[in-house]
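This report is meant for a reader who meets the structure for the first time.

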Amino acid sequence: MGDFSLQELTSILAMQGFVGISLFSVLLLMALGLAIIFGQMGVINMAHGEFMAMGAYTTYLLSVMTQTYFPELMNYYFLIAIVASFIVAGSFGYLTEYVLIRHLYKRPLDTLLATWGLSLIMQQSFRSFFGAREVSPTLPDWLMGSWMPTDSIFIPINGMFVLGLTGFVTLGVFLLMYRSAWGLNVRATTQNRVMSGAVGINTKRVDRLTFALGCGIAGIAGAAFTTIASTGPTSGSLYIVDTFMVVVFGGAASLFGTIASAFTIAQAQSILEFFISSSMAKVLTLLTLIIILMIRPEGLFSSKVRK
Amino acid sequence: MSYFSRRKFLGKTGALLSAMVAAGFITSTAMAADYPTAEVNTTGLAVTDDTVTVGILHSLTGTMAISETGAQEAEKLAIKQINESGGILGRQIKIIQEDGASDWPTFAEKSRKLLRNDKVAAVFGCWTSASRKAVLPIFEQENGILYYPTFYEGLEQSKNVIYTGQEATQQILAGLDWVAEEKGAKTYFLIGSDYIWPRTSMKIARIHIEKVLGGQVVGEEYKPLGDTQFGSIINRIRLRKPDVIFAAVVGGSNVAWFKQLNAAGITSKNQTLLTLSVTEDEVLGIGGENLEGFYSVMKYFQSLDNPNNVEFVKAFKEMHGADSVIGDVTQAAYLGPWLWKAAVEKAGSFDIDKIVEVSRTGEIELDTAPEGYVKLHPNHHLWSKTRIGQWNRDGQATVVFESDLIEPNPFPEGYQ
């Protein structure tokens, strides 16, 4: 083992601190879309990962197109790609709700099976269109490398970018759900569907837009993750377990629960991983989660709805 | 073109083999008649007077399709070339392709179908060790023969399998020797995905580093398959300050690992990294800019500069597209049909037992392999050279070191 100065040790601890925050932002961004769909509608969307992959592939397509037709715009395409991913995944989510999900609202367990089937279909479609091999969107230069506040501290720029994006999206979701008239409709529908209908809320339309919003946010997450991980037909399935873990642990119906849950899991995971092996860290995190869920089956923050 | 490649193949193959096949070449049309079906096929395989049927068994769907695509493309190319040059014992090769679907029981079921119903004369296929282990009992039971292309952990030798990739010691020991000598490495950090191949490989690596090279392993880490967060491990690596990172991370994790390493400021400018699990195929997903300057240890790189390889790369791109890439396993898969052809012609028979018998003489060799001369060892593995490639931004590697031919040793004593 090398020998360290105090300064080196401090630097590593600072960087490790950022790893925890960075993982928090990744988990939160993954989980936001699912939290909206699962929390507000009670639909278990097993194809969530594939909607993320759809965002990632949209980014890849735009990267290729920009490089071919407008190489001088390479520095900016990524921002457009994020918006495009939101629109593509969101529109497809809208369609999915119309064709598939709306017929299954009274059979929540069947949505699980149907969306799982959808995820397989989407995976194979990615494979047929883009090939089985993984692809790599070319990242603009400003997203590469690291920021060095001192000589020995490296903060990954892509990590900071994901962090910023997560903050932006979370704020957007918060404003939309808790400060807008549409959000009021969504929350009303969640609490009492029949009564909401009776006072004139178009609950079907609310459902469709909520599902589309959740899928669109998954698309944004997919676009952002091309900077830190892989883009392949099955990349989405890498995220689905972690995503459900965050949402279930946080308490299904609460945005703050999702945030708190992502933060707790990220910190536990990254701190443990620094001291013990990764597999063991995962085991310990999951064990803790199970115990907490046994004590609080509703998750960290349960919604106070009269049952 | 077919005439040329056939001549070239013949010209360089062993004297006995050349003489035998050349005789057939002169009377090309009469050749199948020289080998009556009743004589070359005594066990009821799918061999007729003018065709012989083989199986290709790879994953075309599911998570392994990423890796197995190249392998089956190369096998088809080799079979096409063999057919164009007159086939095998005067017979054209027909292919039955089955999809293993990244699912090990499916591999077993399809291999049983190929061997029992289709009676194929040989099977080219499998990629993961798990799929090979799943089909192995069936090949032994039905007495078929499998040409397996992937570099793997060793510790296996079956009568019914020919291993055309490297076993662990061929790849690892030469790589570690090079990095110890060339980079003066003393301390090593081992990292891999958490399953049998990386764990077996790292066990061999650790013993070699500690007992033979007199170095020190300062960390050994395994990441669950599919994990995409490497931040904490990267900080542990900083804490240990290893001279070399020795990596065997696979799949989607591999992409995340290199992207995050680069973003964290660990690049070839300040760190030596040698990996067992990056070929030209993986670079497509990882991005050349994230790998620039790091090293891979493999037996084959697409950039190898020899006439065989130049022709192979050209033919492969003609058949499968100009932007396709060729990795180590793809090349090893390409050897399968050619090695089978050499064995069949030497045995003068399609019978599995006779093919195995000549394969065990240690005299089956290929001069035309893209990787250079290879020879089949009686233990069913190939003698091959190990090379170190340094990655460039464009996704191709510059070969910086080439070993002598290394004897395959699937059961290395003192390394288990």
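Predicted model: local features only at pLDDT ≥ 70, side-chain atom pairs only at ≥ 80, totals over all residues.

**Chain A**

The secondary structure of chain A comes to 11 helices and two strands, and along the sequence these follow one another in the pattern α-α-α-α-β-β-α-α-α-α-α-α-α. With a radius of gyration of 20 Å against the 19 Å that the globule rule gives for 307 residues, chain A is as compact as a globular protein of that length. Its C-alpha trace spans about 70 × 55 × 35 Å along the principal axes, and 49% of the 307 residues of chain A count as buried. Among the contacts in chain A with a separation of 6 or more, 77% are accounted for by residues 24 or more positions apart.

One helix of chain A, α11(A), has buried residues on one side and exposed residues on the other. The buried residues in question are A:Ser278, A:Ala281 and A:Thr285, and they cover an arc of only 60° around the axis, which puts them on the same side of α11(A). On the other side of this helix, A:Leu287, A:Ile290, A:Ile291 and A:Met294 are exposed. The buried residues of α11(A) pack against α10 (255-275) of chain A and also against β7 and α10 of chain B.

**Where the chains touch**

The contact draws 37 residues from chain B and 36 residues from chain A. On the side of chain B that touches chain A, the elements that give two or more residues are α5 (65-84), β7 (216-223), α10 (231-240), α11 (251-263) and α12 (280-286). Of these, α10(B) gives the most, with eight residues. By residue type, the side of chain B that touches chain A divides into 13 nonpolar, 14 polar and 10 charged residues.

| Helix | Residues | Length | Span | Expected span |
|---|---|---|---|---|
| α11(A) | 278-295 | 18 residues | 26 Å | 26 Å |
| α8(B) | 168-182 | 15 residues | 21 Å | 21 Å |

**Helix α8 and strand β10 of chain B**

Helix α8(B) is mostly covered, with 12 of its 15 residues buried; among them are B:Ile172, B:Leu173, B:Leu176, B:Trp178 and B:Val179. The buried residues of α8(B) pack against α9 (196-212) and against several strands of chain B, namely β8 (244-248), β9 (272-275), β10 (295-298), β13 (382-391) and β14 (397-406). Just after α8(B), B:Gly184 takes a positive phi of about 60°.

Strand β10(B), one of those against which α8(B) packs, pairs with β9(B) in the parallel sense over two bridges, and B:Ser296 is the bridge partner of B:Thr275. With β13(B), by contrast, β10(B) pairs in the antiparallel sense over four bridges, and here B:Arg387 is the bridge partner of B:Met298. In a regular strand the side chains alternate between the two faces of the sheet. In β10(B), B:Tyr295 and B:Val297 point one way while B:Ser296 and B:Met298 point the other way, and all are buried.

Definitions and conventions:
Residues numbered from 1 in each chain as written. Chains lettered and ligands numbered in written order. Expected span 1.5 Å × (residues − 1). Buried ≥ 20, exposed ≤ 12 C-beta atoms within 10 Å, placed from the backbone. Contact = placed C-beta atoms within 7 Å. Nonpolar A, V, L, I, M, F, W, Y, C, P; charged D, E, K, R; others polar. Rg over C-alpha atoms; globule rule 2.2 N^0.38 Å. Arc of directions from axis to C-beta. Pairing = 2+ DSSP bridges.
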